[in-house]
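Subject: Structure handover

Hello,

Here is the structure that I am handing over to you. Please open it next to this email while you read.

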Amino acid sequence: MSTSRGSLDRALDQARAGDPRGFDALFRATGAAVAGYLRARGVRDPEGLANDVFVRAFRTLDTFEGDGERFRSWLFTIAHNAAIDDARRRRRRVVEVSFEAAPDRAGGDVEVDAAAHLAHERVAVLLSVLSPDQREVLLLRVVADLSVEETAAVLGKGYEAVKALQRRGLASLRRALSSEEGVPQ
Amino acid sequence: MSADGVHGNEMDEPHDFDDAAADALIGGAGADIDRRVAETLGEMRAAYVSTPPAVGATLAALIGAAPPVAPRAVRRSERVRSSVLAKVGAAAAAVVAATGGLAVAGALPAPVQDAVSHLGVGSPAHGSGDKDVKHGDTNGDDRTPTSHGKGSTTSAAGSETSTTTHKDNHGGDVSGVAHDPTLEGCAHGQAVAAVASGGKSQGKSCPTTTTTVASGNGQPGATTTTTTVDHGGHGQGNGSNNGKGNSGGAQSHGKGH
């Protein structure tokens, strides 16, 4: 996100040379965005799947050609495909989570957790009014912080198509917000 | 869906934002364009990107990071044990340091002083007679070159028993003469004094003893013995040398008999 392109290029060079510090720098630079994107996509285990994405990316790094900017597109392509696979798996089977297996969130601030949960729910409701492509474009542009070109590469769409999708997605969002004003929050 | 992936009904929706406005809003700088949309996009970032993922074991092996491990709680018994050991160690170090200092100063009781002198710390207690002489012999055999103040020591048999050589061998020399069985009496004392004083002792000649045996009062067996002793030359040299030999014994021998 805030990582400069030069530092991402250096980290990529280190990782290609097999230096663990390069892998670590790449993970630190993009890990939160990848996990956030998967979380926004509603995958079952965002952190676990984010780990899988990075393991897959680092193990096949020798097949990747390009600079740090291209690496981000490549990484989110892996994450995008992982989210699609996760959605397919979830459609095929119903996952039962026992009460004991529920994640332990003890120690958190109840008010903060509640506020975050409400904000998360509100964002999810707003995103639900968008078409899947509009939602995907906005998530990659806003949450993953990809450029229009990178987003187009991940989704396999043209540059202008992505531009059009983000314009319409923002317009739909504004309409949803306007209609939300009449509903108590 | 078209070739560009655009849904059929998307073309019918109004285009409220141009490309520049959309880029500004997505870049986080579009509050003046539409405050609510800008805030919602900010909430979207905060809701999803705020927490980085935890590193699993497989990924940790790749990036060289240790997987998170809960810190081991230190038991109270371990803390108490460590504290006690530290205190005992400090006390032992203090005792050793104090004993060493007193030993060097020669301020310890005689038995303790003798004991620590075996360890090469300080000089043995003075005036302990034959016991000190014995120490001299033994030490001559046992000393390592790192010990101070002990040099070649002549044993009672007059043989050199130590290969350690020091310039400061005064104590050993004195001890050797003190144990020389061929010397007796005044001559013995003078010899010891001469060695102890480094030849500075100017003792007079040994005393002459005149014994007159007389039978008095006609009583058979009654004798009168008169002994005249000249106290010159009793070995007044400084037998208490600074060497680590048995100068104490040498001094006592120097008094003559």
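The notes below go through the two chains, the contact between them and a few single elements.

This is a predicted model, in which local features need pLDDT of at least 70 and side-chain atom pairs count only at pLDDT 80 or more, while totals for chains, interfaces and linings use all residues. Residues are numbered from 1 along each chain as its sequence is written, and chains are lettered from A and ligands numbered from 1 in the order in which they are written.

Confidence

The predictor gives an ipTM of 0.81 and a pTM of 0.51 for the complex. Among the elements of chain B, H1(B) has the highest mean pLDDT, 93, and helix H9 (residues 247-254) of chain B has the lowest, 38. Residues 127-167 of chain B have pLDDT below 50, and the model gives this stretch 72 contacts beyond near neighbours in sequence. Two residues are in contact if their C-beta atoms, placed from the backbone, lie within 7 Å. Residues 209-257 of chain B also stay under 50 in pLDDT; for them the model has 130 contacts beyond four places in sequence.

The two chains

Helices (H or I, at least four residues) and strands (E, at least two) are DSSP runs, numbered from the N terminus. Chain A has 8 helices and 0 strands. Chain B has 9 helices and 2 strands, in the order α-α-α-α-α-α-α-α-β-β-α.

A residue is buried if 20 or more other C-beta atoms lie within 10 Å of its own, exposed if 12 or fewer, and partly exposed in between, with C-beta atoms placed from the backbone. By that count, 41% of the 185 residues of chain A are buried, and 33% of the 257 residues of chain B. Of the contacts in chain A between residues at least 6 apart in sequence, 62% join residues at least 24 apart. In chain B, residues 24 or more positions apart account for 43% of the contacts with a separation of 6 or more.

Where the chains meet

The contact takes 44 residues from chain A and 35 residues from chain B. On the chain B side, helix H1 (19-26), helix H2 (35-49) and helix H3 (57-63) each supply at least two residues. H2(B) gives the largest share of that side, 10 residues. The residues of this side of chain B divide into 19 nonpolar (Ala, Val, Leu, Ile, Met, Phe, Trp, Tyr, Cys and Pro), 7 polar (the others, Gly among them) and 9 charged (Asp, Glu, Lys and Arg).

Single elements

Which residues of H1(B) are buried? They are B:Ala22, B:Leu25 and B:Ile26. Seen down the axis of H1(B), its buried residues fall within an arc of 95 degrees (taken from the directions from the helix axis to the C-beta atoms), so they line one face of the helix. What covers them includes helix H6 (132-143) and helix H8 (159-180) of chain A together with H2 of chain B. After H1(B) comes B:Gly28, whose phi is positive, near 90 degrees.

In helix H3 (residues 46-59) of chain A, the buried residues include A:Leu49, A:Val53 and A:Phe54. The cover over the buried residues of H3(A) includes H3 of chain B.

Regards

Key
pLDDT = per-residue confidence, 0-100.
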